[in-house]
Amino acid sequence: MREYRTTRDIVGPLLLIEKVVDVTYGELVELEYPDGTRSLGNVLEIDGDVALVQAFEGTRGSNPKDTKATFLGRSLELGVSRDILGRVFDGLGRPADGGPEIIPDERRSIYGAPINPVARDFPDDFIQTGVSAIDGLNPLVRGQKLPIFSGSGLPHNELAAQIARQSAVLARSGAADQAGEKLEGEFAVVFAAMGITFEDADFFTNEFRTTAAIERTVLFLNLADDPAVERIATPRMALTAAEYLAYTCDMHVLVILTDMTYYCEALREVSAARKEVPGRRGYPGYLYTDLATIYERAGRVKGRAGSITQVPILSMPDDDKTHPIPDLTGYITEGQIILDRNLHRRGVYPPIAVLPSLSRLKQKGIGPGKTREDHADVSNQLFGAYASGIQAKELAVILGEAALSDTDKAFVAFADAFEDQFIRQGTHEERSVAETLALGWKLVAQLPRTELKRIRDEYVAKYMSSEAGD
């Protein structure tokens, strides 16, 4: 390791260091400022014997000629072992819960290694979140990337905590009309929060501790007053921990990343400091590529029992789905769950907008042996009937309720009941997939039998009376 005192310029969190030898991209750098304080950084760019270094904790307006830089010959790493379960870390993987340092089994680069596409296994196992609007209509499948598109002021933090507390992989069932039991002891949650307030950090920590979910959870918390550069490392820290638990410890890992908007804002801030040519709305042109390096670390690997499932959460600026962050996220991931402001105003929690939401892999994760044989048909019927109810409501606004037919009025009543009974549930209310399907049958029983066009007759005969009558 060499110590350099050849810093030529300091701009914001960036240092330009000259006359460097054998320095590599992404290499970790220890910086010592004139006042004796130390911080870490990493190499962003190399041009000949000049290196551009990004400081994780700011540069404190230091004098370039009095700043020392030591290149450590390795990238930013996270020490991992099974002891990380139940612990809370900051955005750079340092203990933030007052507990001792982790004694690692190994140290891993936070940038990971890409999964060989040939080695990827197709996602096809149902993950039960306990939230009916997700499990019933747009299910989460093991190995999938399913983001939640939210907005400022919407309860995405509460929904994220609820999903983290309640989620579990279901074992395969030998019976077509029964869902399997939860796989205990094989499921872990890695929760990374970026740019959150102290209040939100306390909320997440207390939420997991009071429900004992902390025992199977690893938390990485990056606060709003932490350096923006640290925010860029936080999701990669979380995914490094997830990869260890999934592919070394053979666990099914759910990774929840909130809020990806703050991550992208940090990326834009660093890009502006580097004087890069901006892309759409000031975000760097490589935003798509950078997001892909995070999202594509989810999946299953052939021959490995473990898996990584991702639920990134992002707040859309001005509720705009065409904004670069949700737009590019939608290209990479397999669907999206969208939160609706109108439902939130009416007091419906979780305010999930069913119609624009989508899970592209849902057909692979439901059905006989995974959930239940009638799941797909009930889901399609609920979706179609709710769409008809919304359409009838819009017609009533234009023409008046008197213009509606009896069938239209039945769909309007169904839509109201669907929002009030199926979508609405408590923040600590966990519904099994069997309870969700029973509630679905209870709702479709309110429709005229002639309108049940998306459910097979044998399922109507088998489940209608028993489920709807419970």
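A polar contact is taken here as a pair of N or O atoms within 3.5 Å, where, within protein, one atom must be able to donate a hydrogen and the other to accept it. In the predicted model, the side chain of D90 makes such a contact with the side chain of R94, at 2.7 Å. The D90 side chain also reaches the backbone nitrogen of L92 at 3.0 Å. D90 belongs to strand β9, which spans residues 88-90. Because its relative accessibility is 15%, below the 20% limit, D90 counts as buried. Beyond its neighbours within four places in sequence, D90 is in contact with A96, F220 and L221.

Across the whole structure, 37 salt bridges were found. One of them joins E430 to K182, with the closest N and O atoms 2.6 Å apart. This pair links distant parts of the chain, 248 residues apart: E430 lies in the loop between α11 and α12, and K182 in the loop between β15 and β16. Both residues are partly exposed, E430 at 35% relative accessibility and K182 at 33%. Salt bridges with shared partners unite D121, D124, D125, R142, R172 and R300 in one network. E30 and R38 form a further salt bridge, with a closest N to O separation of 3.0 Å; E30 is partly exposed at 27%, as is R38 at 48%.

A search of the whole structure identified one cavity of 30 Å³ or more. The largest cavity holds about 60 Å³ of space and is lined by T129, I134, L140, L146, I148, I163, V311 and I337. Seven of these lining residues are nonpolar and one is polar, with no charged residue.

Technical notes. Residues numbered from 1 in each chain as written. Predicted model: local features only at pLDDT ≥ 70, side-chain atom pairs only at ≥ 80, totals over all residues. Heavy atoms only, no water. 1 Å grid on protein atoms, 1.4 Å probe; cavity = no way out; pocket = protein on both sides within 12 Å on 5 of 7 lines; lining within 4 Å. Points joined across faces, edges and corners; volume = space filled by probe spheres on them. Nonpolar A, V, L, I, M, F, W, Y, C, P; charged D, E, K, R; others polar. Helix = DSSP H or I, 4+ residues; strand = E, 2+ residues; numbered from the N terminus. Buried < 20%, exposed > 50% of the residue type's maximum accessible area, 1.4 Å probe, protein only. Contact = heavy atoms within 4.5 Å. Salt bridge = Lys/Arg side-chain N within 4 Å of Asp/Glu carboxyl O.
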